[in-house]
Amino acid sequence: MFSYRHAFHAGNHADVLKHLTLLATLRHLMRKPTPLLLVDTHAGAGIYRLDSDAAQTSGEAGEGIARLQATPAPSDHRLKTALAPASSAQGAMQNEALADYLEVVARFNPAARGAWRVYPGSPLLMHALMTEPDRAAVHDRLKLFELHPTDAQALRAHIDQLDAGRQVTMTRQDGLAGLKALLPPPPAAGGSRRALVLIDPSYEIKSDYAKVAEAVQDALKRFATGVYLVWYPIIPRPEAHGLPRRLRTLTQQAGRAWLDATLHIGAAADGGGLTASGMFVINPPHTLKAVLDDALPPVLNTLRESRGRGAAWSVEAGAARA
């Protein structure tokens, strides 16, 4: 069984890829001043302590967000230059996505001296963007699902602290099942319907892979123009290798555009642990491939330190079919 209880892995390389992609996608979608329905099917606890026993046991944040934090502070004007690939004349501009990711995480550590002690999960990152001064008046909605009793209790407590009213709701339910009732989203003023759905289960059991593919297939039938982001682990299991291929087939059959980004940080000294993951995006922003093409090389160069063979990144994309 593949175990991925997130309290042990918060802020690791998989979170870096997932949340960098999520924020870059959201920034593009939020350029349009019409409301978004944001859905997280496996929301977890919402926010994590990097100095907790669980995080310290795995130490994975030390080879993830902590390494990226060692770059110049997000408020430093040198950050964009430092993170830019030397081969890209436009790297500094396009790596604003990486600088933005670090800046948003830094907001949750306002009094931190030294290493960050808190890492926000996807729910808190999405909430941070939807409540920024330039966006708050749009009134986006955030719908969260979490089935694990301990994480669901923690998530509800964190949501209560946000004092977000009905703008953020949480249900203790299987998010893949709950997603069906949310699509298509109700029309906003003017009739537009917009939604972003993040699907990132633990994949603890083999059937999770098939359930994700079935949920995506159903979602595309209900709301083909939604933006769907699916995180998946890259591990030596047939179901894991088959999932991105299945997602690509479903997306192509629906005539939609897609993007598949992967990050391999190289083998660990002990040969264990998760070393690679991917993000499959359906209906991605047209800017996303260029952003990730320039952001992932410096991410990999930073995270691969002290790792063994196998470090690599990739971004593949396919256009919508007429």
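**Entry 1: aromatic rings**

I began with a search of the whole structure for aromatic pairs, and it returned three of them. The pair I looked up is that of Tyr-203 and Trp-231, which is tilted, with 5.9 Å from centre to centre and 50 degrees between the planes. I noted that Tyr-203 sits in the loop between β6 (195-199) and α10 (207-222), while Trp-231 belongs to strand β7 (residues 227-233), so this pair ties together parts of the chain that are 28 residues apart in sequence. Buried or exposed, I asked myself of Tyr-203? Its relative accessible area is 0%, so I wrote it down as buried, given that buried means under 20%. Trp-231 has a relative accessibility of 1% and also counts as buried. I then found that Tyr-203, Tyr-209 and Trp-231 form one aromatic cluster.

**Entry 2: the chain as a whole**

I reminded myself that this is a predicted model, so I looked up its confidence before going on. The mean pLDDT of the chain is 88, and 87% of its residues reach 70 or more. Over residues 73-94, however, pLDDT stays under 50, and the model has 32 contacts beyond four places in sequence for that stretch. I counted 12 helices and 10 strands in the chain, and of its 322 residues 53% count as buried. The chain exposes about 14300 Å², of which carbon and sulfur atoms supply 52%. Among the contacts with a separation of 6 or more, I noted that 77% are between residues 24 or more positions apart.

**Entry 3: helix α8**

I next checked the length of helix α8 (residues 149-162), whose 14 residues should span 20 Å at 1.5 Å a residue, and I found its end C-alpha atoms 20 Å apart, which agrees. Which residues of α8 are buried? I listed Asp-151, Ala-152, Leu-155 and Ile-159. Seen down the axis of α8, these buried residues fall within an arc of 100 degrees, so they line one face of the helix. The buried residues of α8 pack against α7 (122-130), β4 (141-145) and β5 (168-171). On the face turned away from the buried side, I found the exposed residues Gln-153, Asp-160 and Gln-161. After α8 comes Asp-163, and I wrote down that its phi is positive, near 55 degrees.

**Entry 4: backbone angles in the loops**

His-139, which is not a glycine, has a positive phi of about 65 degrees, and I found it in the loop between α7 and β4. With a relative accessibility of 53%, His-139 counts as exposed, because the cut-off for exposed is over 50%.

Asn-283, again a residue other than glycine, has a positive phi near 60 degrees, and it lies in the loop between β9 (276-282) and α12 (288-303). Asn-283 is buried, with a relative accessible area of 12%.

Note on methods:
Residues numbered from 1 in each chain as written. Predicted model: local features only at pLDDT ≥ 70, side-chain atom pairs only at ≥ 80, totals over all residues. Heavy atoms only, no water. Helix = DSSP H or I, 4+ residues; strand = E, 2+ residues; numbered from the N terminus. Expected span 1.5 Å × (residues − 1). Buried < 20%, exposed > 50% of the residue type's maximum accessible area, 1.4 Å probe, protein only. Arc of directions from axis to C-beta. Contact = heavy atoms within 4.5 Å. Areas by Shrake-Rupley, 256 points an atom, 1.4 Å probe, with all protein chains shown as cover. pLDDT = per-residue confidence, 0-100. Phe/Tyr/Trp six-rings, centres within 6.5 Å; stacked < 30°, edge-to-face > 60°.
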